[in-house]
Amino acid sequence: GLGTAVVLWLGGLGVLDGRITLGDFVAFNSYLGILAWPTVAMGWVINVFQRGFAALDRICAILDEPADRDPEGSGEPEAVAGEIELDRVTFRYPGSSRSVLDSVSLRIPAGSFCWIVGGVGSGKTTLAHLIARLYHPTSGEIRIGGRRLEEIPDQDLRDGLGFAPQESFLFSRSLEENIGMGMKFSDPDRVREVGRISRLDPDIDEMPAGWKTMVGERGFTLSGGQRQRAALARTLAPRPQILILDDTLSSLDAETEKILLDRLRRESRGKTLILISHRLTSVIDADQVFVLRDGKLVEEGKGSELLEAGGPFADLFRQQRLGPEPAG
Ligand code: ADP
């Protein structure tokens, strides 16, 4: 056992037969003790380095990726604006055989305010992702202001189109930086302005360091509603001509949603505002509603008219008011 090992070790070292003195032995052991920690630490440092290199590899792979959408000599940058047209757009997720969008054609005039509605899984988010060019149609074409979406340089698209996803990401920075990050120049006044429009200001008063509060993974944790409003503010900040909000108001109560919608409409006058909504009460007043069902555009028109027509929109509305149908 252990005892035998120690005796053998001491024997091997020559302590037992007197080849070395006990003093040497103690000194040897204390050196061993001094060496132990650096040896362990070395293993740890090598490990950290290896992980660092692996991460660096992945980062380099991203940095090496060519910006494939910037045509050569595209001339002066020109932020996208104008009418959005979808022409028989079909979309399948890579590796899937099912079409999530099936030959959808629609027109959203410049400066209009429209809603895209439909049940869960009807394809609303996918449609928004296609317009924001996060994915490309499997077939069909999207045009903005007459330009084919795939030919628009990245910068023009970024300057003209703002998209607030359902789940927005907060970086480990201050709230102010998180909201201002889409702007070309830092503008604290604009950040505060969009904070007011998005109704973030009452929350900010309660945060430990106000606008300078660190958020993100290692910072102050925002509630779902606060995150949504922060995402809205971030999207508004650079004043895009086209604004797409994917269910961004869903965790607000109906009254706050109404206030925010009024402000949004005022803020985005003359701009195109596309809202995706799950909740239909706010949609009734809308001039332009697109109704999706199983990836198809099944109805479009004014909210109140659709409600009267008794078609898919009215069905959705009824279902929502009654809640999910009981099983059986
Ligand atoms: P909605 O926003 O109307 O709820 P989505 O656009 O999120 O609908 O989803 C439409 C359909 O596409 C759903 O059936 C969903 O399961 C499917 N889907 C969504 N994202 C993916 C993905 N990354 N890969 C494969 N299928 C997906």
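## Helix H8

Helix H8 covers residues 224–236, which makes 13 residues in total. From its first C-alpha to its last, H8 reaches 18 Å, close to the 18 Å expected at 1.5 Å a residue. Keep in mind as you look around that this is a predicted model.

How many of the 13 residues of H8 are buried? The count is eleven, so this helix is mostly covered, buried here meaning under 20% relative accessible area. Among them are Gly225, Gln226, Gln228 and Arg229, and the list also includes Ala230, Ala231, Leu232 and Ala233.

Now look for Ser198, in the loop between H6 and H7. Is Ser198 buried or exposed? Its relative accessibility is 0%, so Ser198 counts as buried.

Ala233 is one of the buried residues of H8. Leaving aside residues up to four places away in sequence, Ser198 touches Arg229, Leu232, Ala233, Leu236 and Leu260.

## Glu176 in helix H5

Helix H5 spans residues 175–180, and Glu176 is part of it. Because its relative accessibility is 11%, Glu176 counts as buried.

Which side chain joins that of Glu176 in a polar contact of 2.8 Å? The partner is the side chain of Lys212. When residues up to four places away in sequence are not counted, Glu176 touches Pro188, Val191, Arg192, Trp211 and Lys212.

## Around the ligand

Next, find the ligand. The residues around the ligand include Tyr93, Arg98 and Val100, as well as Gly119, Val120, Gly121, Ser122, Gly123, Lys124, Thr125 and Thr126. This shell divides into three nonpolar, six polar and two charged residues. Helix H3 (residues 124–131) gives the largest share of the shell, three residues.

Where do oxygen atoms of the ligand meet the protein? A backbone N or O atom of Gly121 lies 2.7 Å from a ligand oxygen, and a backbone N or O atom of Gly123 lies 3.0 Å from a ligand oxygen. Thr125 takes part through its side chain, where an N or O atom is 2.8 Å from an oxygen atom of the ligand. Taken alone the ligand exposes 560 Å², and the protein buries 61% of that.

## Arg88 on strand E1

Finally, visit strand E1 (residues 84–92), where Arg88 is found. Is Arg88 buried or exposed? Its relative accessible area is 52%, and the cut-off for exposed is over 50%, so Arg88 is exposed.

The side chain of Arg88 makes a polar contact of 3.2 Å with the side chain of Asp87. Not counting residues up to four places away in sequence, Arg88 touches Ser103, Val104, Ser105, Ser139 and Gly140.

Terms used:
Residues are numbered from 1 along each chain as its sequence is written. This is a predicted model: local features need pLDDT of at least 70, side-chain atom pairs count only at pLDDT 80 or more; totals for chains, interfaces and linings use all residues. Side-chain values use heavy atoms; hydrogens and water are left out. Helices (H or I, at least four residues) and strands (E, at least two) are DSSP runs, numbered from the N terminus. Buried means under 20% relative accessible area, exposed over 50%, partly exposed in between (1.4 Å probe, protein chains only). A polar contact is a pair of N or O atoms within 3.5 Å; within protein, one must be able to donate a hydrogen and the other to accept it, and residues adjacent in sequence count only if both atoms are side-chain atoms. Contact means heavy atoms within 4.5 Å. A residue is near a molecule or strand if one of its heavy atoms lies within 4 Å of it. Accessible areas come from the Shrake-Rupley method with a 1.4 Å probe; for residues, only the protein chains shown count as cover. Ala, Val, Leu, Ile, Met, Phe, Trp, Tyr, Cys and Pro count as nonpolar, Asp, Glu, Lys and Arg as charged, and the others, Gly among them, as polar. The expected span of a helix is 1.5 Å times one less than its number of residues.
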